[in-house]
Structure formats: structure tokens, C-alpha cells
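Please look through the sequence and the structure shown here before reading on.

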Amino acid sequence: MTRLGRIAKIWYNVFMIKLHSVSKIYPAETVAVRNLNLQIDAGEFVSIVGQSGTGKTTLIKLLIAEERPTRGKIEIGDWDITRIGSRDIPFLRRQIGIVFQDFKLLPKKTVYENTAFALEVAGESGRRIHAVVPQVLEIVGLHGKADRYPYQLSGGEQQRVAIARALVHRPKIIVADEPTGNLDSINTAEIVSILSKINEFGTTVLLVTHNREIVNHLRRRVVTLNNGEIINDDREGKYRL
Amino acid sequence: MYPIFRILKFTFQDIARNFSLSFMTVFILILMLLSVNTLWAVDVLTGEAVRVVKNQIDVSLYFIPEATPKEVDNIKTYIQMFPEVTEVTIRSKEEVLNSFESNYKLNKEVLAALAELGGNPFGPTMVVKTKEPKDYKKVIEALDVPEYAHLIEARSFDDHEEALDRFQNITNRVERVGWGLAVLFAFIAFLIIFNTIRVAIYTQRTEISIKRLVGASNWFIRGPYLLESIIFTTVSIIATIALVFLALRWIDPYLSVVFPDNFSLTNYYKSHILWLFGLQTLAVLILTVVSSCLAMRKQLKV
């Protein structure tokens, strides 16, 4: 199947994430995740919780093909990303919106340019970029700050830019790795609220966090990791650690 | 917008927003190119000096006063048959006498002695020039035959022989040292340019990793850096050409005092501009592009 064909299939198929007996072992036999079996349906909001060093970030890295599993298989839609070629990785990442704790914004680009960049790399037309970016900035509440650089924004605003960038190409999945880790309680509530809204529009949201209040407030599916293994998977769960 | 225009836009944005780093990279490239051009100019000047000195060396054959113009012409025809010989000039015995009298017109004692001898005591003179100083030996040996030897009273070459050997030795050594320096310089230039580009890319490693994480392809990331390499090369070459010609305008008047025939480095550079700067452009372009690719290879493994 051609690359375009695969992308088309991913866009139009149900976006289900499946992990089959996935393990990631780093050199010196350091086990990051062990024998993970997980299925996340399209449109779900899943919180992945666990203490530091339990394999949460490794799981995210495996999903965006930043790392490859030592054993097992990961499927997103019909795409087996365990065997993904390095040339196809950018295409995978354009289907998944990623939000990091440290925002990972391009410091020499404005809010508008940072958001537009995700569309530019995907080859979207200038006209579409000019139409979509202001809409997304409006959604995250940054409409009046499009020309500002990251260093001119607060932490909460920077995280909203990161969400706008993750959202702008209308991904089927959003992965948020400790998005509120560097934020105060007010900004934390706002970010979680934005993620919930995104989920209401049908986007699958994977929220990696160790913030008990957020998880308990959401009352959505909670997957708990400990020592690289899933110890709990509750449909409407709470923070149990 | 086509990807190429987008890459162009990012390239110019990167250059403008990292102006100090861009400026330093171009500055170092210009310094390297100026050093290369200095070495090149020294090589050209050494070559010109060697040519001038070689040009001033000749063999003078002094014939006996009794040698007839026909005999001298025969020898001239014979010598001209040698491919090494570039020029043969004959001065008749009358011209030699006139030249002598003109040289010593203020020395009455010499002129009185000449008058006492009566008539013209000089024979004709033949001045021979060859392509290379080492060829003079061959000419002298060719004339050392019974048929001509009795007509030649003296030869000036014997006085220059040792000096010529020494000069040849020095020019050979200068050439070897020049090549050694050129190789050393090229190596140093490579290291400096490679490290400058590597540092420039290393400072942007976080940006590169972010671009990868939002789905930029390797060529979309590499593109601006490769274009930057081309722009840096072009700007540094243009600036170097301007600086070199400015320097030559200042140096040329001094050179015209040292070298005869109105030798000018500006003229040399003008007549070799395509070759000289074409070669430098190609070398710098290869260096910067290869350095960029090598430096980025590590950053792109995200």
C-alpha cells in the first residue's frame, strides 16, 4: 500500500490503539515497560497514571515511534507502528497531536508560527493555514497573542500554544505528557478543560499525569502503571496510588 | 505554498532570527577565504619573481674581432634550431664599440686607452635566452665544437652557473613548502568550518527535535540548513571578492615598483576570476554542505 493510501486509511478508519504484549528494555536490562496489553477505543479519554519511573513517558515515546518496543506490537488504526520505516515516522506524527510538560515550542517562532508549523510540515496550503490557525487560537484563548514569542507568554499560555499546535491538524489522537506539570492550579484547570472539550469533539485523549485531583475530577478511564506494568484499568476510575 | 518556498521562508527567518550566529559563521568563512587568497597571492608573486629573475639571466657569447657577420649568422641559425632557445640577439662589433664608448664617456682614461689601441678591438656579441636556466648548459655544450669554438673568445655563463643552480634549488624548495602550506591550510580550514557549522546546528538541536516531533520530514528540517550553507557560501565569496580587490588596489602600486612590465595582481585576479573564485566557491560549498549534513545526522535521530 502506498504511503498516501495508508494515511487515507488511517484518516477514515476507526482510530483504535492496540498494544499487544509490549515490552521496552533498555541496555543493562533496565525494564521500562513490561508485557503491556492495552486497547484504547476511538474517542476515549484515558488517564495514564503512575509514580515517576513507572514507564508512562516510555509508553508515550512508543506511541509516537520515538522509541521502538523490544518485544510486542503496537497498532494505531490499521497501522503497525512497530515496523514503521523512518521515512514514515513524520506521517505518523502528523496524525497524533502531542503536548509535553515543557511545552516544546520553537523559541524563534511566534504563537501563530508555532501553531502553523504543524500544518506547514504537512504541506497544507497557505490559504488553509490562514483560515485554520486563528480558529484554533480562538479555541485555546490566544486570539490576541498570535504575534507574541514564547518567552513573552506565561506557562499556562505556552501550554495552550502547545495544545493549539497539537490540535491544528485535527488529529484523531492527542497525547498529553504531564501537560500540567509546570502549571498552577488555575492554569491546570483550564488546560484540562480544553482537553475535555477536544475529547467531546471525538478526539481520543491520552493524558499522562500524576495529578490526583485532575484524575479524580475527570471520572474517566484510568490506567495505572507500576514498575512498567499495568496494575489497574478502570472504566470510570480514580487515582489509586 | 510549495515546500521549496516554505523552506526558503524558514531559511531567511532562521538567518534573521539567529543573526549573530549567522554573522559569525559568515565572518569565519570570510577569514578563511582571505587567508587562502593571501597564500594564493604569495604563490603568484613568487612565481612572478622567479619568472622575472629567469628572464634576466642569459648567456652572452663574445666573438673574436675577426669573426665575420656570416660566421656569426651561421652560429645564430644553429642555436635557434634548439627548441629550448627562446631568443637570440646579435650586436655587431660597431654596436658594441658604440655602447662601450657611451658607457665610459665620462672616463677619459678608458677612452684614451681605447684610442691608443686604434680601430675597433671588440668582436660581435650574441645574447642567448632559453626557456629554463638549466637549458643554458646544453647551449654552451652545443657550441663547444671545433667548428665554432675558435670564434668564441669568452662566455658569460660560467659566472652565473653556480648562482643558477642555487636559484633553481631555492625555487624548488619554495614550491614544495608552498604546497605543504596549502595542504595544511586546507585541513585547518576544513576543521574550522566544520566546527563552526556544527556549533551553529548544535545550538538549534532542541528546535530540530521539536520539528521532528510535530511531524517534519528530514528534508523539511535539513532544507533550511542546506540553503543556509549555500547562502553563507555565496555571501562570504562575494564579500571576499570585494575585500580582495580592495586590498589589491592598495598593493598594486607597490608591486609595480618591484616588478617590471607593469605586473599587476589585480589584472591577474581579473583574468583568473572565474577559475579562482569558482574553485573557492565549490570548495566552501562542499565543506559547508558536508559539515551541515554530518552535524545534522546526529540531531535527526529523534
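This is a predicted model: local features need pLDDT of at least 70, side-chain atom pairs count only at pLDDT 80 or more; totals for chains, interfaces and linings use all residues.

**Helix contacts and a chain interface**

In chain B, the axes of helix H9 (residues 205-213) and helix H10 (residues 218-258) come within 9 Å and cross at roughly 150°, and the crossing of H9(B) and H10(B) is right-handed. On the side of H9(B) the contact is made by Ile208(B), Lys211(B) and Arg212(B), and on the side of H10(B) by Asn218(B), Ile221(B) and Tyr225(B). Sorted by class, the residues of this contact between H9(B) and H10(B) are three nonpolar, one polar and two charged.

From H1(B), the residues Arg6(B), Ile7(B), Leu8(B), Phe10(B), Thr11(B), Phe12(B), Asp14(B) and Ile15(B) take part, and they meet Trp219(B), Phe220(B), Gly223(B), Pro224(B), Leu227(B), Glu228(B), Ile231(B) and Phe232(B) of H10(B). The contact of H1(B) with H10(B) divides into 11 nonpolar, two polar and three charged residues.

Another pair in chain B is formed by helix H2 (residues 19-56) and helix H12 (residues 273-299), whose axes come within 12 Å and cross at roughly 140°. H2(B) and H12(B) are therefore oblique to each other, and H2(B) passes H12(B) in a right-handed crossing. Here Leu29(B), Leu33(B), Asn37(B) and Trp40(B) of H2(B) are in contact with residues of H12(B), namely Trp275(B), Leu276(B), Phe277(B), Leu279(B), Gln280(B), Val284(B) and Thr288(B). By class, the residues in the contact of H2(B) with H12(B) are eight nonpolar and three polar, with no charged residues.

The size of an interface is often given as the accessible area that is lost when the parts come together. Between chain B and chain A the buried area is about 2,000 Å², and carbon and sulfur atoms give 56% of that area. On the side of chain B, the residues that lose the most area to chain A are Arg17(B), Leu213(B) and Val214(B), which together account for 32% of what that side buries. In terms of contacts, 18 residues of chain B touch 26 residues of chain A.

Which residue of chain A forms a salt bridge with Arg17(B)? The partner is Glu113(A), and the closest N and O atoms of this salt bridge are 2.7 Å apart. Across the interface of chain B and chain A, two salt bridges are found.

Note on methods
Residues are numbered from 1 along each chain as its sequence is written. Chains are lettered from A and ligands numbered from 1 in the order in which they are written. Side-chain values use heavy atoms; hydrogens and water are left out. Axes are lines fitted to C-alpha atoms, for helices over the stretch in contact, and angles run from 0 to 180 degrees between N-to-C directions. Helices (H or I, at least four residues) and strands (E, at least two) are DSSP runs, numbered from the N terminus. Angles under 35 degrees count as roughly parallel, over 145 as roughly antiparallel, 65 to 115 as roughly perpendicular and the rest as oblique. A crossing is left-handed if the near helix is turned anticlockwise from the far one by less than a right angle, and right-handed if clockwise. Contact means heavy atoms within 4.5 Å. Ala, Val, Leu, Ile, Met, Phe, Trp, Tyr, Cys and Pro count as nonpolar, Asp, Glu, Lys and Arg as charged, and the others, Gly among them, as polar. Buried area is the accessible area (1.4 Å probe) that two parts lose on being put together, summed over both. A salt bridge is a side-chain nitrogen of Lys or Arg within 4 Å of a carboxyl oxygen of Asp or Glu.
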